[in-house]
Amino acid sequence: MAAIDCGTNSIRLLVADLPGPDAGPDAPLVELVRRLEIVRLGQGVDRTGRLAPEAIERTRVVLASYAADIEKLGAERVRMCATSASRDASNAGDFRAMVEQTLGVAPEVVTGDEEARLSFTGAVRGLPADAQPPYLVVDIGGGSTEFVVGTREGGVRAAISVDVGCVRMTERHLHGDPPGLDQIAAAQADIAAAVDRALAAVPGREAATLVGLAGSVTTVVAVAEGLPGYDPERIHHARVSYDEVARVTADLLGKSREQRLAIPAMHPGRADVIGAGALVLRVIMERAGMPSVVASEHDILDGIAWSLA
């Protein structure tokens, strides 16, 4: 099976073998290829309402490479989900036509609720024993953040998507390098209002464990752990306290882009938006009263793959 997640900031590929029908409920998928490229598809969407032609072209180039991997590995089924940026754009038809021509299948522009449910499915399989249910799963993307509450056995109890993400908040508020205190305060107020709306819609404050997904969370965890490089195996299911998240957030927001690029675990395509992503995570933990976050490298991409079972 081949799963593609095309978000506001990145496009990712997972090709995997799924367990057979006789495997137990905890049987993992067998990962063959997992790739990530930063394409910034959502460049300027918050301001213009349109996908930039150069952003569509960057995405096409990466998608063509992914299509070659899919063909080489002989994937039997392919599903591509496109999220916040292509949901918001007035010229989404141009994007859809490009994907069909390049990949041979149409992208599914999933709703925020479906995005949230796919993220939850990918995240909760295989959580460690000390991650007690119910779970609040948050997927901090480039243009939106999904909040999902539920359990492994009972599934999703409630889900909501709000238009707060690392690219959107950076473009809207964090214009300085590094951003000024007034810019940070404006971003924090914007994020807090959206988070409070989300937590009023889903019972996130009742959850026992916060599970954080996507690059903003995993990068914050990598920095907090002092990793010498981005190491998915050490990041996956690492638990980081609120105090550490707050420390890393303040440090990232106080650095210039050049200084953030020098951080060993920093992906070059994330350096200009990681401050906003960290701020979203910190505000969520504050407003939900969560003392720690468990990072997961398994997320919507894995959920898309499981949906093909």
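Which strand gives the most to the lining of the largest pocket? The answer is β3, with 4 residues. This is a predicted model, in which local features need pLDDT of at least 70 and side-chain atom pairs count only at pLDDT 80 or more, while totals for chains, interfaces and linings use all residues. Residues are numbered from 1 along each chain as its sequence is written, and side-chain values use heavy atoms, with hydrogens and water left out.

**Pockets**
- The largest pocket has a volume of about 710 Å³; a pocket is an open set of points on a 1 Å grid over the protein atoms alone, where a 1.4 Å probe fits, with protein on both sides within 12 Å along at least five of seven lines.
- Lining residues have an atom within 4 Å of a point, and a volume is the space filled by probe spheres set on the points, which are joined across faces, edges and corners.
- Of the 39 residues lining the largest pocket, Arg12, Leu36, Gly215, Arg270 and Asp299 are the closest to its centre.
- At least two lining residues of the largest pocket come from each of β2 (10-17), β3 (30-38), β6, α8, α9 (232-235) and α13 (300-307); helices (H or I, at least four residues) and strands (E, at least two) are DSSP runs numbered from the N terminus.
- The second largest pocket holds about 250 Å³ of space, and Pro28, Leu29, Arg125, Gly126 and His298 are the closest to its centre among its 15 lining residues.

**Sheet**
- Six strands form an open sheet with mixed pairing, in the order β8-β7-β6-β9-β11-β10; two strands pair if DSSP finds at least two bridges between them.
- Its edge strands are β8 (155-162) and β10 (239-241), each pairing on one side only.
- Strands β6 (residues 135-140) and β9 (residues 209-213) run parallel and are joined by 5 bridges, with Tyr135 partnered by Thr209.
- β9 and β11 also run parallel, with 3 bridges, and Gly212 has Ala295 as its bridge partner in β11.
- β10 and β11 run antiparallel, with 3 bridges; Arg239 stands opposite Val294.

**Strand β11**
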